[in-house]
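Please read the structure below alongside this dialogue.

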Amino acid sequence: MINVTELRPGNYFIDEGNLYRVIDILLNKTAMRKMVAKVKVKNLRTGAITELARNSGYGVEDIHIDKKVMQYLYDSGETLVFMDGKTYEQIELAKDTYSDIIPLLAPNSEVTIVSYEDEVLDVQLPSKVVLEVVECEPGVRGDTVSNGGSKDAKLETGMNIRVPLFINQGDKISVDTATGKYDGRAN
């Protein structure tokens, strides 16, 4: 058990049977009261982000989260299949649970699987992924007023994105996984 005031962003803990990851913490101390910790957390099982208010001295169970780098292999229809590159162990995760990251998953890309006691809690993407442009209209020189110097492009995963006019079909681009937007040309 650790005191709630000792939590920091990125820590994992259990409170009232729920698994949480700390996003932010604010400690508030007034003259006549105990310190109150307002902890912004993400429930790792439901994905809900909430704020917990606890008095100092309140104990939570500190837990150890396992993180393993795995390779995304393919979409089997109902599940996403990942493989550990060292042991060749494969796991399948429900596709509907991770539908938000599917447009950023290219075959053979590496992700971090977050688990607690063999229960998979999250799939973390790297901050940027490299994807190939499979379809895009040719850029028209001088046409920067009507569409702001960008055009639509379809990536190898089926994701549609806005890219600068100089990007062509077959180019590899970097996509920011937090925003889902073009981040630059890939080398």
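**Reading the sheet and the side chains**

A: An open sheet is formed by 5 strands in the order β14-β13-β12-β15-β16, with antiparallel pairing. Its edge strands are β14 (160-164) and β16 (181-185), each of which pairs on one side only. From one strand to the next, the twist averages 55°. This is a predicted model, in which local features need pLDDT of at least 70 and side-chain atom pairs count only at pLDDT 80 or more, while totals for chains, interfaces and linings use all residues. Residues are numbered from 1 along each chain as its sequence is written, and side-chain values use heavy atoms, with hydrogens and water left out.

Q: How is strand pairing read, and how many bridges join β13 to β14?

A: Strands of a sheet pair through backbone hydrogen bonds, either parallel or antiparallel. Strands are DSSP runs of E, at least two residues, numbered from the N terminus; two of them pair if DSSP finds at least two bridges between them. Here β13 (residues 150-155) and β14 run antiparallel and are joined by 5 bridges. Lys 154 has Asn 160 in β14 as its bridge partner.

Q: How is an aromatic pair read, and how many does a search of the whole structure find?

A: A pair of aromatic rings is described by the distance of the centres and the angle of the planes. Rings of Phe, Tyr and Trp (its six-membered ring) pair if their centres lie within 6.5 Å; planes under 30 degrees apart count as stacked, over 60 as edge-to-face and the rest as tilted. The search of the whole structure finds 2 aromatic pairs. Phe 13 and Tyr 20 form a tilted one, 5.5 Å centre to centre with 35° between the planes. Tyr 72 and Phe 82 form a tilted pair at 5.6 Å and 55°. The latter links distant parts of the chain, with Tyr 72 in strand β7 (residues 66-75) and Phe 82 in strand β8 (residues 79-83), 10 residues apart.

Q: Is Phe 82 buried or exposed?

A: Buried means under 20% relative accessible area, exposed over 50%, and partly exposed in between (1.4 Å probe, protein chains only). Phe 82 counts as buried because its relative accessibility is 0%. Tyr 72, at 7%, is buried.

Q: Where is Asp 84 found, and which residues does Asp 84 touch?

A: Asp 84 is found in the loop between β8 and β9 (90-94). At 8% relative accessibility, Asp 84 is therefore buried. Not counting residues up to four places away in sequence, Asp 84 touches (heavy atoms within 4.5 Å) Lys 68, Met 70 and Glu 89.

How values were computed
Helix = DSSP H or I, 4+ residues; strand = E, 2+ residues; numbered from the N terminus. Axes fitted to C-alpha atoms, helices over the stretch in contact; angles between N-to-C directions.
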